Amino acid sequence: MTYDENNIFAKILRGEISCKKIYEDEFVLSFFDINPQKKIHALVIPKGKYINLDDFACKASEKEIVGLIKGLYTVAQKLNISSNTGKGYRALANISENGGQEVPHLHFHLFGGEKIGKMVE
Ligand code: AMP
């Protein structure tokens, strides 16, 4: 599978579509989900062109991998949902067809601000 340059998150990264930005650094961009499923619903995406977590694990550099993990934590802290600034949250990545992934650019959902409930419905 090749990376689709015209997926919606690629367009957001190129600035062709706007987003409600939460945080940005060399490795990640974070913004609010357009269709929030919980009180707080943020997305964190790597800046590199990776289709999903498997693609990222195979191709990303160690710096990018560390950058994404640190980015998740930074965003959780900024939103006051991390385990040290708030009450915790759920990080979730849908991967490919059976995972229910709709946008083919790796992204983590961060859900918080309330009890998130059952892990799988
Ligand atoms: P997934 O099903 O894991 O691929 O999730 C894709 C997510 O992207 C969904 O929760 C959508 O609501 C969200 N989404 C789609 N387009 C946008 C957009 N333009 N800005 C922010 N979130 C979006």
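Helices (H or I, at least four residues) and strands (E, at least two) are DSSP runs, numbered from the N terminus, and Ile12 is found in one of them, helix H1. This is a predicted model, in which local features need pLDDT of at least 70 and side-chain atom pairs count only at pLDDT 80 or more, while totals for chains, interfaces and linings use all residues. Residues are numbered from 1 along each chain as its sequence is written, and side-chain values use heavy atoms, with hydrogens and water left out.

Ile12 counts as buried because its relative accessibility is 10%, where buried means under 20% relative accessible area, exposed over 50% and partly exposed in between (1.4 Å probe, protein chains only).

We now turn to the ligand. It is surrounded by 16 residues, of which the closest are Asp33, Asn94, Glu102, His107 and His109; a residue is near a molecule if one of its heavy atoms lies within 4 Å of it.

Polar contacts are pairs of N or O atoms within 3.5 Å; within protein, one must be able to donate a hydrogen and the other to accept it, and residues adjacent in sequence count only if both atoms are side-chain atoms. A backbone N or O atom of Glu102 lies 2.6 Å from an oxygen atom of the ligand, and a polar side-chain atom of His109 lies 2.8 Å from a ligand oxygen atom.

The elements that give two or more residues to the shell around the ligand are helix H1 (8-13) and strand E2 (28-32), and H1 gives the most, with 3 residues.
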